[in-house]
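Dear colleague,

I am handing over the structure below, and after it you will find my notes on what turned up when I went through it. Please read them with the structure open beside you.

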Amino acid sequence: MTSQQAPLNNGLAKTPTGISGFDEATSGGLPCGRTTLVVGGAGSGKTVFALQFLAHGAHACKEPGIFVAFEETANRIIANAESFGWELGALTRQKKLFFVDAYPGSDIVNSGNFDLGGMLAVLELQVKTMKARRIVFDALDVVLALLPDLASQRREIYRLHDWLLAHQLTGLLSAKASGDGTRDPGSRIFDVAQFMVDCAVLLNHRAVHGVSQRNLRVLKYRGSGFDENEAPFLIGKQGLEVAVTRAPGRISVKATSERVSSGVERLDTMLGGGYFRGASVLITGFSGTAKTTLSAAFAEAACQRGERTLFVTFDSEHSEVIRNLMSVGIRLDRYMKSGILRMISARTIAGSAETYLVRIKAFANAHQARCIVIDPVSLWSNPGTDMTTQSVADRLIHWSKGDGTTLVCTNLLDELSSQMEGGSHTQISTLADTWIHLSYVVQAGERNRGLSIIKSRGTAHSNQVRELILSDKGVTLADTYTAGGEVLMGTLRWQKESAERIANEVTEVAGKRKRVKLDTDEAELEVRVKSLQKELLAKQFEKALLARTAEGRKEELSHHRTQMKESRGADAVKSGRK
Amino acid sequence: MSRRPQFKFCLYLAGDALNSAQALVNLRALCETYLPDRHVIEIVDVFREPKRALEDGIFMTPTLVKLAPLPVRKIVGTLSHTATVLMALGLESVTS
C-alpha cells in the first residue's frame with residue numbers, strides 16, 4: 001500500500017487517501033509527489049479530509065506526514081479528531097505525524113510584505129528529520145490574507161508549490177473558498193491556485209430543504225481520469241465516506257440464475273422459482289397491505305437458509321416489528337439471538353438519504369449481509385430533493401448488485417396521491433428487477449389484500465392477481481377463483497369455494513351409488529354364471545351316464561343270446577347272421 | 001525620563017531575502033529615531049537556525065518579536081508602515 005505502487009497505464013503514481021469512495025473515484029487517490037488543492041466553505045470537511053489523508057499515510061502506507069495548521073492550534077485539531085479513532089496523539093508520539101502550530105494569533109500585527117520562506121526552512125528540517133512523504137497546509141487562506149496584494153499571494157503560492165515539487169512531497173493545500181470565485185473576492189487567489197496544482201477538489205456543504213447535504217467534486221486531475229460528477233459524502237465515524245455511483249473499471253458481478261425463496265411458497269411458484277439471487281425486489285403498496293410481512297417472510301426464509309440478513313426498518317422499533325410479525329407466524333427473534341439476523345431501526349438515523357445509504361452500507365458490510373430488507377425505502381424521499389433520493393436509490397441498487405446482495409425494499413404509496421397502480425415517486429420501480437404490487441381490492445363490501453407481480457425481469461411470472469392471506473400459520477396466497485372476469489377474494493372466494501365443495505360432494509355421492517349398483521349387478525351375474533355352470537356339469541354327467549347304460553345293455557343282450565344257444569346245443573351262430 | 005524601559009527585539013529573517021533585508025533596515029532606522037540607546041536587537045536567520053524558529057513558532061519571515069517590555073508582540077512584514085509598527089510597540093505617544 002505504498003504510494004509508489006500501482007502505477008496506472010499513464011504512469012502517474014497515486015497516493016491513497018484512505019477515504020472510502022474517493023480513492024475509487026480517482027482510481028487510487030491523490031497524485032503522488034504533486035500538489036492537491038482542497039477548497040470549500042466553512043465546515044465543509046477540509047480539515048477532516050486532510051487529517052484522514054495523513055492518518056492513512058502514517059497508519060497504512062508507512063508515509064510520515066506533517067500537518068501545518070494555520071487556523072487552529074494543533075492540540076485542538078487532535079482533540080477534535082479524537083472521535084475518528086485515528087490515534088493522532090499516538091502517531092505524533094511515534095514521530096509518524098508532526099503538527100506545526102502556524103496559527104498567526106489574533107494579536108499579530110502586519111506591517112508590510114512578508115513571505116513563507118522562513119516556514120519552508122523550518123519544514124525542510126522537519127521533513128528531513130522524520131522522512132516525511134505527505135504534508136498538509138490547512139487553511140492556507142488565513143496566512144495568505146495577511147499578504148497585502150494578489151501578486152504577493154500568488155508569489156507565496158508558487159513558492160510553496162515549487163518547494164513541494166522540489167521535495168517530492170505529496171502536498172495538500174486546503175483553503176476556504178467558494179470554488180467559483182464569484183461570491184467571495186478573497187478566494188480569487190485560489191482560482192489562480194487551481195491552475196497551478198495538479199489536482200483540485202471542491203467540497204461543499206449546503207442545506208437542501210433543511211437537510212444537510214455534503215458534496216465533493218474533483219475539479220481537475222492532471223494526467224488521470226476521474227469521476228467528474230458531484231459525489232455526496234458524509235463525515236462518519238471513520239472519517240469521510242464518499243458515495244460513488246460506480247468506480248471506473250469496477251468489475252461487475254456475474255449475474256447468477258440461482259433462485260432464492262421469497263418466503264411464500266406460492267409466490268415462488270408465481271415467480272417461476274423465487275427471486276433471483278442478487279436481484280433487487282420492490283414491494284409497493286398502500287399502508288397496511290402487508291408489505292412488511294411479505295418482506296419479513298423473505299428475511300425469515302433467508303435466515304432459514306443460513307444467510308446473513310440485515311433488516312432495516314424505518315417505521316417502528318425492531319422489537320415492535322418482531323412482536324407484530326409473531327402474529328403471522330414469522331418468528332425472527334431466534335435468528336436475532338443466533339446473530340444471523342441484524343435488525344436496525346433506522347428511525348435513530350437522522351439525516352439525508354445519503355446518510356441512510358452510507359449507514360446502511362456500513363451496517364451491511366459489518367454484518368456481511370447477503371440479503372437486505374429495507375422497509376420502507378420511500379421514507380427517503382422526505383429529506384432531500386427527489387433528485388438525490390433518486391440517485392440514492394440508484395446507488396443502493398447498484399451497490400447491492402455489485403456485491404451480489406439480494407435486496408428487498410418496500411415502498412409506501414400515498415393513498416391520496418394516486419390510486420393508479422404503482423405511482424412510485426422515487427422511480428425506484430424502473431430500476432428494480434422484480435416489482436410486486438400489493439393493493440386492496442374492494443369487492444362485495446370487503447377489503448382484501450391483492451398481490452400482483454407487475455414485473456419480474458428474466459423470469460416467467462404469473463399475471464394473475466392473487467389474494468394474500470395472513471394467518472397465524474404464516475403468509476400464503478389463496479387459490480384463485482375467477483368469476484365474470486374478476487378474481488374472487490374474501491367472502492366471495494369463500495362462497496365460491498363452499499359452493500364448489502357442495503357440488504363436489506353431490507357428484508361424489510352419486511358416483512358412489514352407481515358404483516354400488518354396478519357391484520350388485522356384477523355379483524348377481526356372477527352367481528348366475530356359477531349356477532349355469534353347475535347345471536351344465538350335471539347335464540354332461542347325465543349324458544355320460546346314459547351312454548354307459550346303453551352299452552351295458554347291449555353287452556348283456558349278446559351274452560344272453562350265447563347262453564341260450566349253448567343251452568340248446570345248437571350250432572355256433574355265424575356271426576353276422578341274424 | 002531616565003527610567004524609560006529598555007526595548008529587547010528579536011528579528012527573524014530568511015537569509016538575504018529582499019523582505020528580510022528591508023525589515024532589518026526599517027527596524028534599525030526606527031530604533032535610531034525613537035529608541036536611541038535603549039534597544040537590543042537579536043537577529044535570527046531561520047535558514048541557519050530552523051530549529052530555533054520552530055521552537056519559537058516563527059513561520060513567516062520577516063517577523064519582529066518584541067520581548068521586552070512586556071507584553072510580547074509579534075509584527076510580521078517589512079515594517080514599512082512606521083505608524084503601525086509604533087502603535088504595536090506602544091510608542092505612538094512618542095510621535096505625537
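Five strands form an open sheet in the order 6(A)-4(B)-3(B)-1(B)-2(B), with mixed pairing, where helices (H or I, at least four residues) and strands (E, at least two) are DSSP runs numbered from the N terminus, and two strands pair if DSSP finds at least two bridges between them. Strand 6 of chain A and strand 2 (39-45) of chain B stand at the edges with a single partner strand each, so one side of each has no neighbour in the sheet.

This is a predicted model, in which local features need pLDDT of at least 70 and side-chain atom pairs count only at pLDDT 80 or more, while totals for chains, interfaces and linings use all residues. Residues are numbered from 1 along each chain as its sequence is written, and chains are lettered from A and ligands numbered from 1 in the order in which they are written.

Between the chains, strand 6 (residues 109-110) of chain A runs parallel to strand 4 of chain B and is joined to it by 2 bridges, with B:V76 as the bridge partner of A:N110. Within chain B, strand 1 (residues 7-13) and strand 3 (residues 63-68) run antiparallel and share 5 bridges; B:K8 has B:A68 as its bridge partner.

Counting contacts as C-beta atoms, placed from the backbone, within 7 Å, 28 residues of chain B are in contact with 21 residues of chain A. Helix 2 (50-56), strand 4 (73-76) and helix 3 (82-89) of chain B each give two or more residues to that side of chain B.

Best regards

Definitions and conventions. Two residues are in contact if their C-beta atoms, placed from the backbone, lie within 7 Å.
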